Amino acid sequence: MAIQIIKIDGSNESSFIDLPYVIYKNDPEFIPHIEQDIKDVFNPKKNKYLEKGEAHRWIAVQDNKTVGRIAAGYKFGEKEGRIGFFESINDNEVAHLLFKTAESYLIEKGVIKIEAPVNFGSRDSYWGLMVSGFKRPSYRENYNPPYYRDLILSAGYKEEFLQVTSEISPETFNIERFSKLSSRVLNNPDYEFKHIDYSQTDKFAKDFVHIYNKAWEAHDFYVPLTLDEIMRDLKQMKPIVKPEFNWFAYANGEPAAFYINVLDINQVFKHVNGKLNWLGKLKFLWYKGKIDRLRAIVFGVIPEYQNKGLETGMIMKMHEEIIKHPQFKSSELAWIGDFNPKMHSLFNSLGAVTSKEHLTFVKEI
């Protein structure tokens with residue numbers, strides 16, 4: 001039977017949301033994304049990316065069954081578009097029809113280059129195709145069958161860059177090396193290290209914005225961060241943050257670096273089946289105390305203080321706290337692009353081991 005491509009509107013959104021439960025029904029590693037999170041990506045009132053752009057979704061239907069899905073988006077006036085939230089049975093015809101539909105929409109909007117499979121928003125969520133690891137997906141991390149790589153390549157896409165996620169435990173941490181490396185900065189009176197204090201949220205939010213904007217302004221994908229945004233994020237993150245695992249470094253009293261970690265809440269979300277309703281929230285409270293893994297989500301140093309050892313100081317402070325909390329068995333370090341060799345070198349010297357890899361693909365049209 002012919003494959004039908006159907007655009008998603010308010011009446012059939014559930015077909016888009018529910019497809020992963022079919023694709024991964026026999027996969028014990030699969031953890032559904034929180035359904036409301038996915039809906040919010042496509043809600044202009046919730047997603048800043050859509051304030052100056054738009055995104056649309058489609059499903060593929062065959063024999064009255066949903067067999068694939070895809071989404072495409074772009075920002076007004078820009079020549080680069082995005083395709084994401086792709087899922088499909090292992091069938092080239094289905095995949096190619098989905099990509100052709102998304103590409104046709106973007107071409108109509110003047111797009112000449114497409115990145116896939118990516119988020120309509122920041123790179124820390126739903127970004128890249130998993131190509132190694134295929135286990136323990138983290139919160140808002142793309143997870144997929146291995147065959148997706150072939151489907152995307154056969155649709156004419158080329159590999160653009162690789163994102164590496166590493167994992168480290170107290171047992172693998174190179175304590176001897178880092179004790180020596182960090183001693184110089186930890187004993188230097190010009191440097192100070194503080195963990196987040198939620199009674200001073202305003203201060204730490206301002207410090208975060210200062211560091212982030214200076215550290216990332218030279219990157220191609222840089223978008224300035226505002227104080228309102230980080231204040232909102234810090235409040236939302238509070239239930240999954242242990243302050244003593246989040247460090248700031250100061251040089252001569254000025255904010256210079258940060259190292260931010262959160263609880264691996266997908267260890268909880270694997271029990272809620274994508275639904276954070278009243279029952280899901282009760283399960284969250286019940287299982288939260290059983291989380292034994294952390295996830296480092298961002299590590300930044302302003303340019304003038306890079307390679308001066310602040311990284312090692314924050315890492316040692318973090319390690320000291322981990323030792324005090326033996327419940328936590330490991331920490332995931334995510335994600336470092338292949339365009340950042342200095343950070344890869346640092347993590348390798350830590351004793352971190354690559355646990356997952358994600359690829360971003362690109363296509364000129």
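Modeller: Let's start with a term we will need: a residue counts as buried when its relative accessible area is under 20%, and as partly exposed when the value lies between that and 50%. Keep in mind that this is a predicted model.

Biologist: Thanks! Is Glu167 buried or exposed, then, and why?

Modeller: Glu167 counts as buried because its relative accessibility is 15%.

Biologist: How should I read a salt bridge in general?

Modeller: Side chains of opposite charge can pair when their charged atoms come close. Here, Arg136 and Glu167 form such a bridge, with the closest N and O atoms 2.8 Å apart. This pair links distant parts of the chain: Arg136 sits in the loop between strand S6 (129–132) and helix H4 (148–154), while Glu167 belongs to strand S7 (residues 158–168), 31 residues apart.

Biologist: How many salt bridges does a search of the whole structure find?

Modeller: The search finds 24 salt bridges. One of them joins Glu13 to Arg57, whose closest N and O atoms are 3.1 Å apart. Glu13 lies in helix H1 (residues 13–23) and Arg57 in strand S2 (residues 53–62), so this bridge ties together parts 44 residues apart in sequence. Both Glu13 and Arg57 are buried.

Biologist: What does Glu332 form with Lys356?

Modeller: Glu332 forms a salt bridge with Lys356, and their closest N and O atoms are 2.9 Å apart. Since Glu332 is in strand S12 (residues 330–337) and Lys356 in strand S13 (residues 353–364), the pair ties together parts that are 24 residues apart in sequence. Glu332 counts as buried at 1% relative accessibility, and Lys356 is buried at 2%.

Biologist: Now pockets. What volume does the second largest pocket have, and which residues line it?

Modeller: Its volume is about 160 Å³. The lining includes Pro28, Phe30, Arg136, Asp264 and Arg293. By type, the lining residues divide into four nonpolar, two polar and five charged.

Biologist: Finally, which residues make the nonpolar surface patch?

Modeller: Trp278, Leu279, Leu282 and Leu285 make this patch of about 480 Å². Leu282 is found in helix H9 (residues 278–288). With a relative accessibility of 47%, Leu282 counts as partly exposed.

Terms used: Residues numbered from 1 in each chain as written. Predicted model: local features only at pLDDT ≥ 70, side-chain atom pairs only at ≥ 80, totals over all residues. Heavy atoms only, no water. Patch = residues over 30% accessible without salt bridge, like charges linked within 9 Å, V, L, I, M, F, W, Y side chains within 5 Å. Areas by Shrake-Rupley, 256 points an atom, 1.4 Å probe, with all protein chains shown as cover. Salt bridge = Lys/Arg side-chain N within 4 Å of Asp/Glu carboxyl O. Helix = DSSP H or I, 4+ residues; strand = E, 2+ residues; numbered from the N terminus. Buried < 20%, exposed > 50% of the residue type's maximum accessible area, 1.4 Å probe, protein only. 1 Å grid on protein atoms, 1.4 Å probe; cavity = no way out; pocket = protein on both sides within 12 Å on 5 of 7 lines; lining within 4 Å. Points joined across faces, edges and corners; volume = space filled by probe spheres on them. Nonpolar A, V, L, I, M, F, W, Y, C, P; charged D, E, K, R; others polar.
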